[in-house]
Amino acid sequence: MQLLVAGELDWCLDSLNYWFTRIGSTFTFHTDHGGERLIVIAECTGLYTTIIYCSIIGAYPARIREKIAGLLIGVPAIHLLNLARMVVVSLVLYHKRELFGFFHGYFWQVIFVIFMLLLVIFWMAKIVKPRKAE
């Protein structure tokens, strides 16, 4: 999974014409202020966020089709947001190293929690239909 995310990040940064080298899941950015290294580890893949989201969907009392719809919407959305996070964090590291800790450790953590809550709320409001009382 790390290599998949690293490959996607490589493609995005290359498309944006950034100067870097990548070996496996390790990026070295060649900046005006020297070299900066970014390593894509398991926590960078969005896998843990996806597991939490899938657990919420799985535990909620909804029909199987509604759960599948929730997964088909949420899992790709989490993956895309994670890729955007990786791109932004890389650009912050490239341009403003001093802001990296804030963006990596705080900003994106809050964004992911809010995003996941909004995904679940959207799913519950738009996909899950109330069951008839028996």
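1. Helix 2 against helix 3. In this predicted model, helix 2 (residues 47–59) packs on helix 3 (residues 64–95) at an angle of about 165°, and their axes are 10 Å apart. The two helices are therefore roughly antiparallel to each other, the cut-off for that term being an angle over 145 degrees. The crossing of helix 2 past helix 3 is right-handed.

2. Who makes that contact. Sorted by class, the residues of the contact of helix 2 with helix 3 come out as six nonpolar, five polar and one charged.

3. A closer look at Thr50. This residue of helix 2 is worth a click. Thr50 has a relative accessible area of 16% and is therefore buried, as the cut-off for buried is under 20%. Not counting residues up to four places away in sequence, Thr50 touches Val75 and Ile78.

4. Helix 3 against helix 4. On to the next pair: helix 3 and helix 4 (100–127) pack at an angle of about 160°, with 10 Å between their axes. That angle makes helix 3 roughly antiparallel to helix 4. Here, too, the crossing is right-handed. The contact of helix 3 with helix 4 has 20 nonpolar residues, along with four polar and three charged ones.

5. The largest nonpolar core. This core has 33 residues, and those that touch the most other members are Leu9, Phe27, Phe29, Leu38, Val40, Tyr53 and Met86. Two or more residues come from each of helix 1 (2–15), strand 2 (26–31), helix 2, helix 3 and helix 4. Helix 3 gives the most, with ten residues.

6. Setting aside residues up to four places away in sequence, Leu9 touches Phe27, Leu38, Val40, Leu83, Met86, Val87 and Ser90.

7. Thr26 in strand 2. Thr26 lies in strand 2 and is partly exposed, with a relative accessible area of 23%. Leaving aside neighbours within four places in sequence, Thr26 is in contact with Thr21, Arg37, Leu38 and Ile39. As for Arg37, it is eleven residues from Thr26 in sequence, and the two C-alpha atoms are 7.1 Å apart in space. Leu38, another of these contacts, is also touched by Leu9.

8. Arg131 after helix 4. Please also look at the segment after helix 4, where Arg131 lies. Arg131 is exposed, with a relative accessible area of 53%. Its contacts, leaving aside neighbours within four places in sequence, are Pro61, Ala62 and Arg63. Arg131 and Pro61 are 70 residues apart in sequence, yet 9.7 Å apart in space from C-alpha to C-alpha.

Technical notes
Residues numbered from 1 in each chain as written. Predicted model: local features only at pLDDT ≥ 70, side-chain atom pairs only at ≥ 80, totals over all residues. Heavy atoms only, no water. Axes fitted to C-alpha atoms, helices over the stretch in contact; angles between N-to-C directions. Helix = DSSP H or I, 4+ residues; strand = E, 2+ residues; numbered from the N terminus. Parallel < 35°, antiparallel > 145°, perpendicular 65-115°, else oblique. Left-handed = near helix turned anticlockwise from the far one by under 90°. Nonpolar A, V, L, I, M, F, W, Y, C, P; charged D, E, K, R; others polar. Core = buried A, V, L, I, M, F, W, Y, C linked by side-chain atoms within 4.5 Å. Buried < 20%, exposed > 50% of the residue type's maximum accessible area, 1.4 Å probe, protein only. Contact = heavy atoms within 4.5 Å.
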